Amino acid sequence: MTATIGQPARAAASVAAALITLTSPVAARAEGVSWNGFAQTHVAERTRRVDCPPGIACDFPAAELRGQLKAEGRNASGNADFVGRFDLLRDAAVNDTRVITRELYGDATSQKASARLGRQVITWGVGDLLFINDTFPKDYVALFTGEPMQYLKLGSDALKLDAYPGSTTVELVAAGFRPDHTPTARRFILPDPLPAGLPRRIVEPDHGLADLEMSGRVSRYLGSWELAGYASRTHYRSPAWRVTGTEIVGTYPRLNTVGASLTGPVAKGVLSLEAGYYDSPQDPEGRDPSIENSQLRALVGYSRQLWEDGTLGLQLYGEWMRDYAAYLQTLPAGFPVKNRLRKVATVRFTQLFAHQTLTFNVFAFIGISEKDHYIIPSLRYAFSDNVWAEVGGNFFGGNRSGQLGSLQDNSNVYVTVRYAF
Amino acid sequence: MKPRWRIVLPLLVALAAASAPAHAADPSANEIVKRSLDAFYFAGNDMRARVQMKLVNPEGQVRERDMTMLRINVGASGEQRYYMYFHGPADVKGTSFLVWKYPNRDSDRWIYIPALHLVKRIAADDKRSSFVGSDFTYEDVSGRNVGDENHVFLRKEEFGGRPTYVIESKPKTVVDYSRRVSWIDQERWLPLKEEYYDAGNKLLRVFTADKVEQVGKYWTVTARTMKNVQSGYHTEVVFQQVQYDIGLKPDIFTERYLRNPPTQWVR
């Protein structure tokens with residue numbers, strides 16, 4: 001297994017995991033493989049009539065037909081299993097058809113520890129759509145076009161080791177780099193202060209053994225409260241652009257994080273606290289405008305039931321820039337000036353109707369510092385155990401120089417229909 | 001005559017006194033409800049069952065929930081832990097619930113969402129909310145406390161061929177029912193029927209134990225129905241593969257196994 005971790009190629013871990021599980025004697029005694037999946041169509045239509053640049057999916061930033069197959073199996077003694085989850089996607093918005101390995105991993109489990117190797121989704125932290133200590137890859141294109149929530153997270157190609165000494169849980173993740181899916185000019189109209197006309201190139205971090213990203217989490221229950229500590233040695237997952245004379249090069253700068261979270265019951269609701277420090281080791285003074293300044297991030301959240309099948313969740317989130325003077329001094333002309341402390345509030349309200357077959361949900365990001373907002377209302381109805389449909393919207397607005405307000409030409413309404421089997 | 005009365009009267013008193021213990025042999029309403037809750041929700045040290053739920057609407061359309069339920073009693077204080085893993089329907093397969101239930105305060109509750117590999121703590125102030133859209137509430141699934149209601153002995157009668165105590169229970173705080181009438185088996189202590197009345201004293205929901213079987217040492221309701229007579233919906237639940245005292249360990253009822261179902265038991 002150790003030799004496998006050293007494989008540099010991104011897909012190697014996934015493939016190895018599949019091979020280990022599928023070809024090992026363990027699999028030969030497997031109890032059988034179960035298959036599930038769904039067929040889904042999802043379309044998002046831009047609500048604002050805008051003049052799109054050529055080559056962009058203008059009216060419909062998302063228009064797709066998707067089939068997913070999930071295979072899972074385990075051996076007779078239950079100490080080894082595997083999961084494979086594959087999407088066949090016809091992406092009409094950008095005229096592309098492809099097969100996507102969403103997840104493909106194998107597990108080995110014992111009483112005191114477990115190991116998972118392959119492409120796997122990892123979600124850490126206690127925020128709701130706000131991530132501090134979860135530095136694993138995410139798909140913001142999926143979020144902004146109203147894809148079902150499961151598409152918010154991308155799998156990591158990783159070895160994850162969990163151990164359970166006493167009543168503590170220790171998790172260690174070694175992963176190859178994978179970038180976020182961030183909005184690009186294929187589907188989104190984005191402000192772009194970089195010089196036009198220059199060719200652009202993205203350079204990903206190396207995929208060698210020495211370049212593996214490491215993340216760790218230690219957690220423990222104290223009564224009803226869960227306390228967790230986190231650390232990671234990773235990269236920013238959206239590109240930092242730098243003009244180098246004849247071209248613009250995007251890189252993923254190194255990122256180290258350390259943080260903690262606490263969650264537990266308070267007054268018939270759930271209180272969540274999380275904080276983390278984001279260190280940019282390639283820009284220790286904060287003077288490189290292409291690299292995010294080192295930051296302190298924190299959130300406090302509270303959710304509780306208001307009445308039957310109705311739940312309200314509130315969060316307050318802040319990002320505090322460490323070297324603000326250096327940031328101001330080195331910020332190139334034409335770039336919007338960020339506040340030292342960026343505050344965002346979120347509200348989630350969910351109400352179920354009709355024996356929980358109809359779900360109304362609204363999630364709102366409210367940019368307190370940047371005077372912008374992003375509101376996601378949705379209504380989902382389950383016609384049967386197999387078929388549901390959802391209509392919803394992604395509405396960006398407010399100050400155009402804010403992170404959320406800058407996306408306002410991309411406000412959309414969407415519809416999703418899924419048949420699960 | 002007088003001396004005779006002096007003899008007869010004490011005799012009558014003695015007779016009355018002798019028959020009194022026979023009457024007192026019926027436990028109090030509180031004891032009956034306590035024993036019923038113990039039999040229905042606390043049997044054995046632990047329990048495993050494969051549970052099939054059918055949610056039926058007035059038009060006869062059926063939605064199904066298929067789950068494995070694990071339960072363990074923690075000590076004798078009434079603390080319990082529940083683990084529920086959903087095998088179906090397909091869209092929720094792999095979702096699991098964990099409940100730490102305490103006798104005198106709100107439960108701690110977690111849900112695991114497999115598509116995001118996310119464990120989420122959920123606000124648990126909803127004992128009277130519907131369990132997964134069914135006509136059963138969370139409290140119907142995992143039990144209530146004897147002290148949550150005031151209980152009055154109504155009568156003894158035969159119900160479905162079994163001797164029962166009929167008890168009326170009124171909640172001490174305002175909830176969705178104003179009173180509940182239970183038919184409790186005098187020997188097995190299981191509720192065979194319950195009627196829930198709304199605030200206007202109109203019949204709201206009816207629980208019936210459709211099948212009662214002995215599993216090892218314990219009498220168990222293996223098929224039950226909850227009918228909402230006002231909405232016309234009903235939910236049928238069948239317990240299969242019921243096992244007691246199988247040696248479940250408390251550590252199964254933790255976040256680790258929420259993420260990775262204990263395959264020995266969840267099948």
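Me: Which residues is D26(B) in contact with, leaving aside its neighbours within four places in sequence?
Reply: In this predicted model, D26(B) is in contact with K156(B) and Y165(B), its neighbours within four places in sequence being left aside. Contact means heavy atoms within 4.5 Å.

Me: Where is D26(B) found in chain B?
Reply: D26(B) is found in the loop between α1 (2-24) and α2 (29-41) of chain B. Helices (H or I, at least four residues) and strands (E, at least two) are DSSP runs, numbered from the N terminus.

Me: What separates the C-alpha atoms of D26(B) and E157(B)?
Reply: Their C-alpha atoms are separated by 13 Å, and D26(B) and E157(B) are 131 residues apart along the chain.

Me: What conventions apply to the numbering and the values?
Reply: Residues are numbered from 1 along each chain as its sequence is written, while chains are lettered from A and ligands numbered from 1 in the order in which they are written. As this is a predicted model, local features need pLDDT of at least 70, side-chain atom pairs count only at pLDDT 80 or more, and totals for chains, interfaces and linings use all residues; side-chain values use heavy atoms, with hydrogens and water left out.

Me: Then what pLDDT does chain A average?
Reply: Chain A averages a pLDDT of 91, and 93% of the residues score at least 70. Over residues 1-29 of chain A the pLDDT is below 50, and this stretch has 45 contacts in the model beyond near neighbours in sequence. The pLDDT is the predictor's confidence in each residue, from 0 to 100. Where it is low, the predicted coordinates should not be read in detail.

Me: How many helices and strands does chain A come to?
Reply: The secondary structure of chain A comes to five helices and 21 strands. The radius of gyration of chain A is 22 Å, close to the 22 Å that the globule rule gives for 421 residues, so chain A is as compact as a globular protein of that length. That radius is taken over C-alpha atoms, and the globule rule is 2.2 Å times the number of residues to the power 0.38. The C-alpha trace of chain A spans about 65 × 50 × 50 Å along its principal axes.

Me: And what share of the residues in chain A is buried?
Reply: Buried residues make up 50% of the 421 residues in chain A. Buried means under 20% relative accessible area, exposed over 50%, and partly exposed in between (1.4 Å probe, protein chains only). For chain B, 55% of the 267 residues count as buried.

Me: How many helices and strands for chain B?
Reply: Chain B comes to four helices and 13 strands. Among its contacts with a separation of 6 or more, residues 24 or more positions apart account for 45%.

Me: New topic: how many aromatic pairs are there over all chains?
Reply: The count comes to 28 aromatic pairs over all chains. The centres of the rings of Y324(A) and Y327(A) are 5.7 Å apart and their planes are at 25 degrees, so this pair is stacked. Rings of Phe, Tyr and Trp (its six-membered ring) pair if their centres lie within 6.5 Å; planes under 30 degrees apart count as stacked, over 60 as edge-to-face and the rest as tilted.

Me: Are Y324(A) and Y327(A) buried or exposed?
Reply: Y324(A) is buried, and Y327(A) is buried as well. They are three residues apart in helix α5 (residues 324-330) of chain A, and are therefore separated by about one helical turn.

Me: Why is the pair of F365(A) and Y374(A) stacked?
Reply: The pair is stacked because the ring centres of F365(A) and Y374(A) are 5.5 Å apart and the planes are at 10 degrees. Both residues are buried. F365(A) and Y374(A) belong to one aromatic cluster, which also includes Y140(A), F144(A) and F188(A).

Me: Which ring does the charged end of R81(B) sit over?
Reply: The charged end of R81(B) sits over the ring of W100(B), 3.9 Å from its centre. R205(B) lies over the face of Y196(B), at 4.4 Å from the ring centre. A charge sits over a ring if NZ of Lys or CZ of Arg is within 6 Å of the ring centre and within 35 degrees of the ring normal.

Me: Which residues does a disulfide join?
Reply: A disulfide (a pair of cysteine sulfur atoms within 2.5 Å) joins C52(A) to C58(A), with S to S at 1.9 Å. The link is right-handed, with 70 degrees about the S-S bond.
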